Amino acid sequence: MEAAGPRTRAAARRRGRRLRAPATLKEQRDPQPGGRLLQRRIEEDQEEAVFREVVSFTPDPLPVRYYDKDTTKPISFYLSSLEELLAWMPNMEDGFNVALGPPECRQPPLSSRRPRTLMCHDMMGGYLDDKFIQGSATQNPYSFYHWQYIDIFVYFSHHTVTIPPVGWTNAAHRHGVCVLGTFITEWKEGERLCEAFLAGDERSYQAVARQLVLIAQFFRFDGWLINIENSLSLAAVGNVPHFLRYLTTQLHQQVPRGLVLWYDSVVSSGQLTWQDELNEHNRVFFDSCDGFFTNYNWREEHLERMLGQAGERLADVYVGVDVFARGNVVGGRFHTDKSLELIRKHGFSVALFAPGWVYECLEKGDFFQNQDKFWNLLERYLPTHSICSLPFVSSFCLGMGTRRVCYGQEEAVGPWYHLSAQEIQPLFGEHRLEGDGRGWVKMHCCLEDAWNGGSSLLIRGLIPPEVGNVSVRLFSLQVPVPPKVFLSMVYKLEGPSAVGVALELTTGDAGSCHVGGISALSETSSRRSPRPLRMPPTKLAKWVGRCGQQLSGGWVQRQLSDTRPQDPLWDGAPCGSGPLSSQSEGAELRPLGTGLFASPSCYEVNLRGCLLQALFVNFSRPPGSQEEENFVCRLGEIQVVDANSLLTPLPQVQAVTVSQVRWQPAASEGESGPAGLRLSCTLHWAYLLPHVRCFRIHCCRGSGGDSPCRGPSEPEKPTLLGLAFVNRYRIVDLAVAPAEPGRDGRVEFLVEPIPKEGFLVPRAEWGRAAMLYSTPRT
């Protein structure tokens, strides 16, 4: 691959050269343009790198550890031996598998003494469709979305070093959940492996520990479950506590909030004897790390004995529950609540092993109903945690769907599965009014319609005649609210219902919480004049641009209404004991207008000394109605955004490069229309990841020197290729037309950043690179 222009020979020397691995982890976190400068040309005031390629069907092979051998799609990987672990060093190929960031801030923190919930994901050997980092076209995949109940997620497999697929890490971190990989040894091979690094001096086990820490640090997950399921010699078992202490100390130094857990298997004598409890035979391992994961065949007397062994560290004992109910266990399957009842009675944490049972063993067509049933049965024993950072934005996307939608516009039809694309999920469940009231609300995932992504939140309910409205909690939060915030909700009512829909919030610190003036941001609002903005910043202009406009697909947008400072609804009242009430439990955010499809307006609210504690959605009966009111509502998006963040200039995607090109002929004449070639290549670019929610990758195809995305006539609409969550993307088997004799073919790639606030940005801030390709001279 070479850059067009006078420096082609220098570029040719770079062709095929392996990209340099980051010298430090800091460079990996803060990527900057580096290496030789590329020749660039300016087109319509937009910087664009142009690369030239001669079509060849003899590509350089890609390493099979990092790329699927059939498609060259990037994949997550594991390490199968001690030799592979000790030899591993970060390189550029590993970059696809790096998580977007650490876990989001949450309350209570994991370090609190509250009993925790660990989910250990073990499904059919692991690394299934979830291994495809950029997603796949999987139909009916396994999806997990009850994250608000989970504190720790473990990705389990029987490979020696299980590195969690990055999609799971991104989804968990977005919900404030920490992620652990698994280090496991088993059988005779496990005995030999353990003897090699544990039976010698400290240098051997310290080298293994340092590699495990480096892997967690580089890929941005949070620690390890250590599972030694084979007998150990006296020399080896004597070094296990030293190994655990060294690993735990090093991890805490390098990975904020890192964790090392030990699984109940080997005892202090070196024998493989599962104890089903913490006791004097395995206490030495518990004392050497952050927690202990018990085996599954316990009874209540085991729990009672552990009270004395655990002391003040009850929450660090994770009592194992095999959801498959294998062996002599309490509960399991749809009776797992019996296990949790006993575990919580004694104050311990719980480790749910393989809750994917609902997917593996039951009908795939009923998966969502079965999954909701399973977690609803456990709800009373699963305390939730709260997100405590802004911006708070969710389109309720599950990271899967039967089509792709972008802000109400359908972009592609067909199944897709991309775990990194999962948005923050709400508190699912069914709630009923207390007492004799017949009011109820049920919340479900909905793949039938979406505002942004592949799904929305479906809310069904009934307002009985004796009450005026019902409210249901969507999210628990603990967010110190900045002085000015923007709030928005996109929703759609099904059928002829005239039920009113409004956001509600609850605030804490009522003594000092003050709500000031509320100003309209819509330039057409007759209620209030907007704050003067001679040149609105890009993000703010995008917010205002959606206000007062009818949205696509029948969706309606509602923002904060004109509530006066003295309005008693702003009393900072704490949430009630139940998630559903017949009255507002906090500040109601009333929409302007009474018509269902009235043009929405946008507002900002001034706050001082407030703590945002929860977001609710309220459904109210229409004026004059005395009957039962049934309603079906789809929520498409919730936004809570710090106003100041909208004033911060957006960075531009820079230094887009194209490498690792592979050409293939079309399988047959006329496949996919006129296309006769298949192009695969890798894009890299520079962008500060803390600013971004994701990247949308597009292409335009044409010929010659003209840009198809910005032609002199009507430009071509870019084609969405997929989503990226790091500064790179692998394009696979893109259909392009063969270059005509004496004329270059052209394909242009565009990298669209989506900021954390969730707004679309103008193309001037996208990154772009073009590739000119030609047939070999004969």
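**Reading a helix, a disulfide and a buried serine**

Q: How many residues has helix α5, and how far does it reach?

A: Helix α5 (residues 187-198) has 12 residues and reaches 16 Å from its first C-alpha to its last. That is close to the 16 Å expected at 1.5 Å a residue. The expected span is 1.5 Å times one less than the number of residues. Helices (H or I, at least four residues) and strands (E, at least two) are DSSP runs, numbered from the N terminus. This is a predicted model: local features need pLDDT of at least 70, side-chain atom pairs count only at pLDDT 80 or more, and totals for chains, interfaces and linings use all residues. Residues are numbered from 1 along each chain as its sequence is written, and side-chain values use heavy atoms, with hydrogens and water left out.

Q: Which residues of α5 are buried?

A: An α-helix has 3.6 residues a turn, so residues three or four places apart point the same way. In α5, the buried residues are G190, L193, C194, F197 and L198. They cover an arc of only 105 degrees around the axis, so they sit on the same side of α5. The arc is that of the directions from the helix axis to the C-beta atoms. Buried means under 20% relative accessible area, exposed over 50%, partly exposed in between (1.4 Å probe, protein chains only). Exposed K188 and R192 are on the face turned away from the buried side of α5.

Q: What covers the buried residues of α5?

A: The cover includes α3, β8 (178-186), α6 (202-219), β9 (223-229) and α7 (234-254). Contact means heavy atoms within 4.5 Å.

Q: Which residues form a disulfide?

A: A disulfide is a covalent bond between the sulfur atoms of two cysteines. Here the cut-off is a pair of cysteine sulfur atoms within 2.5 Å. C105 and C388 form one, with sulfur atoms 2.5 Å apart. C105 lies in the loop between α3 (82-87) and β4 (106-107), and C388 in the loop between β14 (386-387) and β15 (392-394), so the pair ties together parts 283 residues apart in sequence. The S-S torsion is about -85 degrees, so the disulfide is left-handed.

Q: Is C388 buried or exposed?

A: C388 is buried, at a relative accessible area of 12%. C105 is partly exposed, at 39%.

Q: Where is S157, and what does its side chain reach?

A: S157 is in the loop between β6 (152-155) and β7 (161-162). S157 is buried, at 0% relative accessibility. Its side chain reaches the backbone nitrogen of H159 at 3.3 Å.

Methods:
A polar contact is a pair of N or O atoms within 3.5 Å; within protein, one must be able to donate a hydrogen and the other to accept it, and residues adjacent in sequence count only if both atoms are side-chain atoms.
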